Amino acid sequence: MRILLLCSSFNGLTQRAWLELRRAGHDVSVELAISERVMVEAAELVKPDLVICPFLKERVPEALWRGHRTVIIHPGPPGDRGPSSLDWAIAEGEREWGVTALQAVEEMDAGPIWGWRTFPMPSEPPRKSALYNGPVADAAVELVAEVAGKAADPLFAPAPLDYRSPEVTGRLRRPMRHADREFSWEQPAEEIVRLVRAADGAPGGRARLCELPVRVFDVHRGPDLAGAPGAVAARREGAVLVHTGQGTVWVGHLRLEAGAEAGTEAGSQAGSQVSGVKLPATMVLGERLAGVGERAGYSEITYERGEEVGVVSFDFYNGAMSTDQCRRLAAALRYAAAQDTRVLVVRGGEVFSNGIHLNVIEAARHPELEAWMNINAINAVCREIVACTSQLVVTSIAGNAGAGGVMMGLGADRVIVREPVVLNPHYRTMGLFGSEFWTYVLPRRVGAQAAAELTGRALPVGAAEAVELGLADRVAGGSRQEFERRVVDFAHRLAQDSSYEALLAARRQAREADERRKPLDAYRAEELAEMSRDMFDDRNGFREARRAFVGKARAQATPPHLAGHRELSGASGPGVAAASHM
């Protein structure tokens, strides 16, 4: 069918829906819901058999839903209505939640039901973004495929919403207000964690910390320590440990309310742009943390060593990697590579990596200089992976990756991705040429032509397609924990394989031959020469793109690369080869 995806942004869920429908053989167009006029004109232009809205905050214009079958993917069970569904589900400790496909009508979220999925909520309060990008997205993608199938059936009719039905378990909920997100440090740590996670990634919990009005994000239970509620007990790796009415919480990120004065670190690290930007907590609080010491118990990077397999795990908030984080990760990889294990697993977190940290860059006193330091620091991480010849290296990609985060993972011997993962192996939409040795690792895996197409077309790649293209070697399903266990099991089998020594020797020989042909330093120098023009001369709009990203600026038009894409030859659609599964 001809399907129009109408969305507020081309976010991770919408990308998964786009990939799923294209692989099923549908002709799929994307339009951002810039205005009612744009939405209606898009439908008139595309003349779709079906309009699907995987992520839409705006009301569907009457002219659109009356003229075209339009199905909304709502992040709540049947009968749930309102714009704060996930917020309430987490805040109120729902044990089960769901996703519903419903037809657009005049009253929002009240249309006939095309289908639904339910799932158990995690026992530990999840971050709203993790819930959305995890079980909600999984259910939504299944529903998108189901809706497309039902739309092709002339006998199908959606069921009217009927609150008398036992299957309709939801209800109309009002939007969450600012007051619903406020908390006091006098509350128990458990309550604070739940309230903040119900608002994370946006808009965050509201509180005062070190006499500053802040939005709070990225919280974790800390140890039971005695102390005055609201007092900062310790700091570590950008986070602060705060006393509560009962226990403590680690706070990873803060956003200073607009107009407030930041406690910047003597003005050396952060400039006046700190206000209104989500940043590591220590960067926001700055000199207000004078005298606060370090304490163990919080770490973004860990190393687990077995007899044959070592695992370096990193979990950076939203996948952004600052200069400091990159330096710590490079040091961890260097240490792990020096051990006498046979296989090194490089494991990302909820989001594998999205490359350099645009928020930290934007808030820096000298953003261009910070961007330059950041790209050099992440290059050092990539070099540790590419240049490791003492062990075989496996990258474990359980979460989405973009830009330099994708390239970072490609330096390994084996790249394993989780089934729902979406990769965005490009930089163009941010106005950057890119670095992270991409001009070496990407063509080495997919060939020069495909590398140029992937970076040029700037479109997402699903896990199965990544294997078909050569970006990845294997796909594995299951939950994140199951996936990680499978990758470690694979690493153990690789370490015990009778051909291990031959594989390791081949890695060394290939690296030596590649180095003789063209040193890694040459790739780095060429990439950085291009990046210097992007970062310092701003030849391709990096400054404006960065500010729009950090400020969550609303798009003014559907980007050309979405409005008029072309497929990689043989890369998708029906009849492609099956991906290698674990």
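This is a predicted model: local features need pLDDT of at least 70, side-chain atom pairs count only at pLDDT 80 or more; totals for chains, interfaces and linings use all residues.

Visitor: How many salt bridges does a search of the whole structure find?

Guide: The test is a side-chain nitrogen of Lys or Arg within 4 Å of a carboxyl oxygen of Asp or Glu. Run over the whole structure, that search gives a total of 48.

Visitor: Is Arg173 buried or exposed?

Guide: Arg173 pairs with Glu92 in a salt bridge, with 2.9 Å between the closest N and O atoms. The two are 81 residues apart and link distant parts of the chain: Arg173 is in the loop between α5 (128–151) and α6 (189–197), Glu92 in the loop between α4 (85–91) and β5 (96–103). Helices (H or I, at least four residues) and strands (E, at least two) are DSSP runs, numbered from the N terminus. Glu92 is partly exposed at 40%, but Arg173 has a relative accessibility of 8%, so it counts as buried.

Visitor: Which helix holds both Arg66 and Glu62?

Guide: Their side chains form a salt bridge, 2.5 Å from N to O. Arg66 is exposed at 56% relative accessibility, and Glu62 is partly exposed at 42%. They sit four residues apart, about one turn, in helix α3 (residues 62–67).

Visitor: What is the relative accessibility of Asp534?

Guide: Asp534 forms a salt bridge with Arg539, the closest N and O atoms being 2.5 Å apart. Arg539 is partly exposed, at 32%. Asp534 counts as buried because its relative accessibility is 0%.

Visitor: Which residue has its backbone oxygen 3.0 Å from a polar atom of the side chain of Gln15?

Guide: Gln15 lies in helix α1 (residues 12–23) and is buried, with a relative accessible area of 11%. Leaving out residues up to four places away in sequence, Gln15 touches Phe10, Val422, Asn424 and Pro460, where contact means heavy atoms within 4.5 Å. The backbone oxygen at 3.0 Å from that side chain belongs to Phe10.

Note on methods. Residues are numbered from 1 along each chain as its sequence is written. Side-chain values use heavy atoms; hydrogens and water are left out. Buried means under 20% relative accessible area, exposed over 50%, partly exposed in between (1.4 Å probe, protein chains only). A polar contact is a pair of N or O atoms within 3.5 Å; within protein, one must be able to donate a hydrogen and the other to accept it, and residues adjacent in sequence count only if both atoms are side-chain atoms.
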